[in-house]
Amino acid sequence: MPALSYLHQLFNIEHCQAYIHTLRWKERPLQCPRCQSQAIDPWGTYHYRPDCKRYWCNGCKRTFNDLTNTMLHHSKRSLPHWILATFLLCLACSSRRIAREIGVHIRTSYRWCWWLRNAALSYEMERQVEGTVEADDLYHTAGQKGQAHQGGKKALGRRARGRRKKREPGRGHYDKDRPAIIAWVSRQGAVVIHATRDFTVKTVQKAAHLAVQAGSRLYTDSASSYRAVKGYIHEYVNHTQKEYARGDVHENRAECLFSLLKPYLRVFRGIGKLNLPGYVGFFQFLRNFRQLNAFEQAEPILQAALDPTLASRVKKGEFVKCFDHFDLLQTAIN
Ligand SMILES: [Zn+2]
C-alpha cells in the first residue's frame, strides 16, 4: 500500500485558504455577502480551521468568512478536494474518475462536476463569433442515460442500440437519440458549439443568429441548410465533388474541432441527451480558454464558484438551461 493514496493530502491547507481568499476578493471589495455592508472588522479564526479568517459585519451583526453564501459554503470536504476536483475536470476526467482520485462518493463528485460545469458556463453566456467563421455539423448518439426515475436501470422500450452495427442512414434527430451538434469556429480563435434538435433550415438559421455576428463571412460545406442561411457573406465547398478547399474557402478548423470533441465526449461513456448541452458547453469553455493550462483554466471556474451572486443560479443549473438549444424554435429570438 502506498503511504498516501490521494494527491490532496500533499496540499498545504494554509496555501489553499490564502489562494481561495485571493480569488474570493480579487475583483470585489471586502464586504458582507448578506447585507453588502463594508463596515467589516476582523473576527479571529475558527478553532477547527485556524487558517480561515472570520469577519464581523457591523451592518447585520453576524460573522462571515471567505466561503459564506458561495457554492462551496457548507461543503464538508476541504478546499484541496475542491481545487483538485476542478483541476481534474479541466483535464477532461469523468466524474467517476474524479471520485476515485480524490476519494469522495460518486454522487458527490457527480454533483460537484455538475456545479463546476455550470460555473464555467457563466463565462460563455454571451459568446458570439465574428470575422471569418467556419461551420460544420456532427450527430452524436445520446440516449436516456441517468433518466431512470428512481435511479438504476430502466427498461429501454426498444432494442439495444447495437453499437457495433452500422447505424441507420440519414441525418440524426433528437427523437432518434441522435441530436445534431453544430460548431461555429472563428478564424480569429473563438468557438461556439450548439447541440440542437435537428438540422433543418430553420434551426440552422436561428443557431447562426445566436452564434455568429451578422455580416460575418461564413464558410461551410454544401449542406442545403447552410445554403439557406441569410445575413452572412456565405461561401461553401462541395465535399461530394471531392472539393475540400478552394483557396481560402474551407472548413478544416471546424472539422478539426470535432476531431477533438469526439474523444472528449467518449471519456464519459455515453451522455444522456438531457445532459449533452452542458458537456458540449463545457468543451466550448475549454476551447475558448485553450491558451491556459488546466490549472489556469480551473482558476476562473473557482472564481465563479466563489461568487455569491452566482451560487444559487449555478446550483439550479440556470446556465446550462441557457445552453440547451434543443428548443431553439420554441424560444423567441428577436
Ligand atoms: Zn452584513
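Contact, in this presentation, means heavy atoms within 4.5 Å. Helices (H or I, at least four residues) and strands (E, at least two) are DSSP runs, numbered from the N terminus.

Good morning, colleagues. The structure is a predicted model, in which local features need pLDDT of at least 70 and side-chain atom pairs count only at pLDDT 80 or more, while totals for chains, interfaces and linings use all residues. Residues are numbered from 1 along each chain as its sequence is written, and side-chain values use heavy atoms, with hydrogens and water left out.

I begin with helix H2, residues 79-90. Of its 12 residues, 11 are buried, where buried means under 20% relative accessible area, exposed over 50%, and partly exposed in between (1.4 Å probe, protein chains only). Among the buried residues are His81, Trp82 and Cys90. What do the buried residues of H2 pack against? Their partners are H1, helix H3 (95-102), helix H4 (106-121), H8 and helix H9 (294-305). The end C-alpha atoms of H2 are 17 Å apart, which agrees with the 16 Å that its 12 residues should span at 1.5 Å a residue; the expected span is 1.5 Å times one less than the number of residues. Just after H2, Ala92 has a positive phi of about 65°.

I turn next to the zinc ion. Which residues coordinate the zinc ion? The SG atoms of Cys32, Cys35, Cys57 and Cys60 do so, at 2.2 to 2.3 Å. Donors are N, O and S atoms within 2.8 Å of the metal (3.2 Å for Na, K and Ca). The angles among the 4 donor atoms are 101 to 116°, and the site is tetrahedral, a term for four donors with all angles between 85 and 135 degrees. Cys35, in the loop between helix H1 (13-24) and strand E1 (40-46), is linked with Cys60, in the loop between strand E2 (49-57) and strand E3 (62-65), 25 residues apart. Cys35 is partly exposed, at 35% relative accessibility, and so is Cys60, at 27%.

Finally, the sheet. Its 5 strands form an open, mixed sheet in the order E6-E5-E4-E7-E8; two strands pair if DSSP finds at least two bridges between them. Strands E6 (191-196) and E8 (233-237) stand at the edges with a single partner strand each, so one side of each has no neighbour in the sheet. Strand E5 (residues 180-186) runs antiparallel to E6, joined by 6 bridges, and Ile181 has Ala195 in E6 as its bridge partner.

Key
Four donors count as tetrahedral if all angles lie between 85 and 135 degrees; four count as square planar and six as octahedral if opposite donors are over 155 degrees apart and all others between 65 and 115; anything else is irregular.
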